[in-house]
Amino acid sequence: MPVLRFTGGIATLAAACCACGVAFNSPADEVPPSSEPTVLTFVDPAVVPGLQVQTIYKETGKAHVHLTYPQIPGAAALSDRMRADLVAEAKAFNEKAAKGKAALPKSEINVDWQLTAVSPKVSGVRLRTGRFEGASWVNSTRTLWYDGARVVTSDLLVKNLDALAKAVGARLADDADVDHAAIRPDRMLFDSLDFNSRGDLVVEFDDYEIGPGALGRVATAIPRQEAIPLLSDFGRNAQRAVESARPTTPPELRDPPEATARAVPGKVDCRVARCVALTFDEGPGPYTDRILTALGSTRATFFLTGTSAAARPDLLRRMARDGHLVGNHSWSHRDLTTMPDNRIYEQLSRTQDVIAQSTGSLPALMRPPYGATNPDVAKVAGELKLSVVTWDVDGGDEGDATPQEICKRVTSAVKPGSIVLLHDLGPATPEAIPLILKELEERGYSFVTVPELYGTRPMQPGRTYESAVDVAVSRYGRPLP
C-alpha cells in the first residue's frame with residue numbers, strides 16, 4: 001500500500017470506506033488507517049429491506065456506459081433524481097465520445113454508489129463517477145441527500161459556502177500541493193459533503209479540482225465542534241443520522257452458510273448430449289427474481305457485480321439453492337484492461353469475498369466487463385484461481401429488444417457447446433427465457449452450467465473460454481444445429 005500523506009487534514013491516495021459489516025470502499029482507492037478522519041461510514045445495503053439496484057448500461061463501439069444507483073424504499077424522489085442526473089450524464093458522455101471516437105482507442109463512464117444514511121428522516125447516497133478517455137481514470141464524487149420531501153444537494157448541508165470555503169482553506173493552508181485559489185464558495189466544488197462516525201464534516205474533492213491528479217483522493221475533515229456552527233438545520237439532521245448508523249453485521253454474514261448453499265452438480269453428460277450454457281451478467285437486479293422463476297429447474301451461470309451482490313445476498317442464496325453457478329463479474333464493472341494489476345486484483349478479490357459470504361463457495365469463473373481481457377487480466381484471474389469466460393452467442397437483451405427478438409438471436413446462432421450472453425437488466429429477458437427454452441429443447445438441447453460444457457476436462461485458471469463448440473465438433477465430427 002502506498003505511503004499516505006496527511007498534511008493540514010488532507011488525505012491523499014486514501015479512500016473513504018468503512019461499511020457496516022462489509023467494507024464498501026471504491027476499488028480505485030486505498031483504505032487508510034481507521035484513525036484517519038476522512039474515513040466515512042456507510043450503511044450496508046443488505047440490511048435495507050426492499051432496496052433494488054438499477055443499472056443504466058450501453059455499449060456503443062468503443063464507448064462504454066455502466067451507471068448504477070440504488071432505489072431506496074420510501075425515497076422515490078431521490079431515486080428519480082439520481083436516474084435523471086445519470087441519464088443526462090450518459091447522454092453527454094455518448095455525444096462527446098461520438099465526436100472524438102476517431103482519436104480515442106476507447107472511453108468509458110462508470111458510476112457506483114454507497115449509502116451514507118438510511119432513515120425515515122434522512123437518506124443519503126454517495127455517487128462515485130469514473131471516466132476513462134484513453135489515458136487514465138479520472139474520478140469524482142457527489143453526495144445527494146433526501147429529507148423525506150425533497151432532494152438536497154451537499155452544499156445545502158451548510159448555511160454559508162463562504163464560511164465553509166474559509167474553514168477548508170484554513171485546514172489545507174500548509175499543504176503546498178493544493179491550489180488554494182481554487183478553494184472558493186462554489187456549490188459545485190462542495191458537491192460531496194458527508195460525516196464520519198464521530199460527526200466530523202468530511203469534504204471531498206474531485207480529481208484535479210484543487211490540485212494535480214497525482215494527489216489521488218483529496219479530502220479533509222472539519223472537527224465536529226467546529227462544523228456545527230457551519231451546518232444548516234438539515235445538515236445537523238444529516239449529521240445525527242450518520243452518527244446513529246452504528247456498524248452492524250447482517251445475520252447472513254454472522255452465521256456460517258448452509259451446506260445446501262453450494263451449487264449441486266449437474267446430471268447432464270455433455271459428451272453425449274447437445275449442451276448449451278445460458279449465462280446472465282450485471283445482476284443481481286430488479287429482474288433477477290423473475291429470471292430465476294422463469295428458469296425453473298433449468299440451471300444457468302450468473303456473473304455478478306460485487307456492488308449489486310452486496311446489496312442482495314438473498315438472491316445469491318436463492319441462485320445457489322436452485323443449483324445455479326455464481327461467477328465473478330468484477331466489483332464495479334470497469335473495463336479491467338484499463339487498470340493496473342493491483343486494481344484488477346481488487347476488483348475481483350472483493351467480489352470473490354462478497355459472493356462467498358452469501359453462497360458458501362468461492363467462484364471459480366469470472367467474466368470480464370464488456371468481455372475485455374488481456375494478459376494482465378488473465379494473469380490476475382489465474383492468481384485468484386479464476387477461469388475467464390466470454391461468449392460466442394449474444395442475446396442482445398440489454399437494449400429495447402422484444403422477447404421474440406432476443407429468442408431469435410439466441411436460437412439462430414447457438415451450437416452445441418455455445419455460451420450464451422444474457423443480462424439481468426430488463427423486463428424482456430425473463431419473458432424471453434421460456435421462448436428460448438422451448439425452442440432449444442425441441443431441438444434436443446440440454447441446459448448446463450459453463451463448466452459442464454467441458455465434461456471431465458477441468459477449466460484452467462487464467463485461461464479464456466469463449467465456448468465449447470470445438471469440443472462438440474471433436475465429438476460429433478461437425479457442428480450440430
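Student: Which residues does Val420 touch, not counting residues up to four places away in sequence?

Tutor: This is a predicted model, in which local features need pLDDT of at least 70 and side-chain atom pairs count only at pLDDT 80 or more, while totals for chains, interfaces and linings use all residues. Residues are numbered from 1 along each chain as its sequence is written, and side-chain values use heavy atoms, with hydrogens and water left out. A contact means heavy atoms within 4.5 Å. With residues up to four places away in sequence set aside, Val420 touches Val276, Ala277, Leu278, Thr279, Val393, Val410 and Val414.

Student: What percentage of the residues in the chain is buried?

Tutor: The chain is divided into 13 helices and 22 strands, and its accessible surface, from the Shrake-Rupley method with a 1.4 Å probe and, for residues, only the protein chains shown counting as cover, comes to about 19,200 Å². Of the 481 residues in the chain, the buried part is 57%.

Student: Which residue of strand 7 is the bridge partner of His66?

Tutor: Strand 6 (residues 63-71) is mostly covered, with 8 of its 9 residues buried. Two strands pair if DSSP finds at least two bridges between them, and strand 6 is joined to strand 7 (residues 107-118) by 5 bridges, the two running parallel. In strand 7, the bridge partner of His66 is Asn110.

Student: How many residues apart are Glu89 and Arg142, whose side chains meet in a salt bridge?

Tutor: A salt bridge is a side-chain nitrogen of Lys or Arg within 4 Å of a carboxyl oxygen of Asp or Glu, and the side chains of Glu89 and Arg142 meet in one at 2.9 Å, N to O. The pair links distant parts of the chain, with Glu89 in helix 1 (residues 76-100) and Arg142 in strand 9 (residues 137-146), and their separation is 53 residues.

Student: Are Lys379 and Glu383 separated by about one helical turn, or how else are they placed, and which helix holds them?

Tutor: The side chains of Lys379 and Glu383 meet in a salt bridge at 3.7 Å, N to O. Lys379 is partly exposed at 39% relative accessible area, and Glu383 is likewise partly exposed, at 46%. Because they are 4 residues apart in one helix, they are separated by about one helical turn, and that helix is helix 10 (residues 375-383).

Student: Is Asp175 buried or exposed?

Tutor: Asp175 sits in the loop between helix 2 (161-171) and strand 11 (193-195). Its side chain reaches the backbone nitrogen of Asp177 at 2.9 Å. Because its relative accessibility is 1%, Asp175 counts as buried.

Student: Which peptide bond is cis, with omega near -5 degrees?

Tutor: Most residues other than glycine have a negative phi, and most peptide bonds are trans. Pro284 lies in the loop between strand 14 (274-281) and helix 6 (288-295), and the cis bond with omega near -5 degrees is the one from Gly283 to Pro284.

Student: What is the relative accessibility of Tyr370?

Tutor: Tyr370 lies in the loop between strand 17 (365-366) and helix 10, and its phi is near 65 degrees, a positive value in a residue other than glycine. Tyr370 counts as buried, because its relative accessibility is 9%.

Conventions. Buried means under 20% relative accessible area, exposed over 50%, partly exposed in between (1.4 Å probe, protein chains only). A polar contact is a pair of N or O atoms within 3.5 Å; within protein, one must be able to donate a hydrogen and the other to accept it, and residues adjacent in sequence count only if both atoms are side-chain atoms.
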